[in-house]
Amino acid sequence: GRFSAPRFSVEGGVTVDWKPSSGLSPLAKNGQVLDISLVVDGVPARLGRYLITDWSVSDGSVEVSADGMLRIAEDDRLPLPLSPRDSGSLRSEFVRLLPPQLSAQFGVGLVDRACPRSMEWGEDRIGALYEIAVAWPASLREDEWGQVVLLPPLSGVPVPVLSLRGIVTGK
């Protein structure tokens, strides 16, 4: 996704320039992660964690592009082909293939079982993670904290509990 931030803001009487000027800047694309929340009627709702992938400056604002945390697994290629360990289960192999920067949660309804020995994974780490999810079967998602979550597949079409029709910004 993309969002805009004002290039300049005043924080405690000091003018802050949000244009990334070094790799340590909060909006730079060197592994920086944004925690995004939405405030509805004064109540904050956490939307998720996002990895900054690019930025640019235009018309007095900083335009930032970001992807979900699974982008880390997409970019982190496996160094050599892997196959399941002899005692590997779907859960243990999923955790083994997950990049160290990410953590995983497993839904209560998922029953772990031996990982099929016929599986073999090349360089595509994210593809390997999805292959395990399909073999389970499980739905692979990210939660609002940026964790990878595996859940039992939905039994049917879910009924929405809330619909958002528009977004109002401002104070």
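This is a predicted model: local features need pLDDT of at least 70, side-chain atom pairs count only at pLDDT 80 or more; totals for chains, interfaces and linings use all residues.
Student: Which element gives the most to the largest nonpolar core?
Tutor: That core has 26 residues, and F94, W121, L129, I132, W136, L140 and L150 are those with the most contacts inside it. At least two residues each come from α1 (70-75), α2 (90-97), α3 (125-135) and β9 (148-151). The element that gives the most, with 5 residues, is α3.

Student: Leaving aside sequence neighbours within four places, which residues is I132 in contact with?
Tutor: I132 is among the residues with the most contacts inside the largest core. Once neighbours within four places in sequence are set aside, its contacts are L90, E93, F94, L97, M119 and W121.

Student: How many residues are in the other core, the one lying apart?
Tutor: Look for L27, I52, V62 and V64, which are among its members. This core lies apart from the largest one, and its residue count is 5.

Student: Are α2 and α3 roughly parallel or roughly antiparallel?
Tutor: Start with the axes, which come within 10 Å and cross at roughly 165°. Angles over 145 degrees count as roughly antiparallel. The crossing of α2 and α3 is also left-handed. On the angle, therefore, the pair is roughly antiparallel.

Student: How many nonpolar, polar and charged residues does the contact of α2 with α3 have?
Tutor: On the α2 side you've got L90, E93, F94 and L97, and these meet R125, A128, L129 and I132 in α3. Sorted by class, the contact has 6 nonpolar, no polar and 2 charged residues.

Student: Is the peptide bond from W136 to P137 cis or trans?
Tutor: P137 is found in the loop between α3 and β8 (139-142). Omega for the bond from W136 to P137 is near -10°, and that bond is cis.

Student: Is D41 buried or exposed?
Tutor: D41 lies in the loop between β4 (33-40) and β5 (43-58). Its phi is near 50°, a positive value in a residue other than glycine. The relative accessible area of D41 is 78%, and the cut-off is over 50% for exposed. So D41 is exposed.

Student: What about D59, which loop does that residue lie in?
Tutor: D59 has phi near 50°, again positive in a residue other than glycine. At 82% relative accessibility, D59 counts as exposed. As for where to find D59, go to the loop between β5 and β6 (61-68).

Notes
Residues are numbered from 1 along each chain as its sequence is written. Side-chain values use heavy atoms; hydrogens and water are left out. A nonpolar core is a set of buried Ala, Val, Leu, Ile, Met, Phe, Trp, Tyr and Cys residues joined through side-chain atoms within 4.5 Å. Buried means under 20% relative accessible area, exposed over 50%, partly exposed in between (1.4 Å probe, protein chains only). Helices (H or I, at least four residues) and strands (E, at least two) are DSSP runs, numbered from the N terminus. Contact means heavy atoms within 4.5 Å. Axes are lines fitted to C-alpha atoms, for helices over the stretch in contact, and angles run from 0 to 180 degrees between N-to-C directions. Angles under 35 degrees count as roughly parallel, over 145 as roughly antiparallel, 65 to 115 as roughly perpendicular and the rest as oblique. A crossing is left-handed if the near helix is turned anticlockwise from the far one by less than a right angle, and right-handed if clockwise. Ala, Val, Leu, Ile, Met, Phe, Trp, Tyr, Cys and Pro count as nonpolar, Asp, Glu, Lys and Arg as charged, and the others, Gly among them, as polar.
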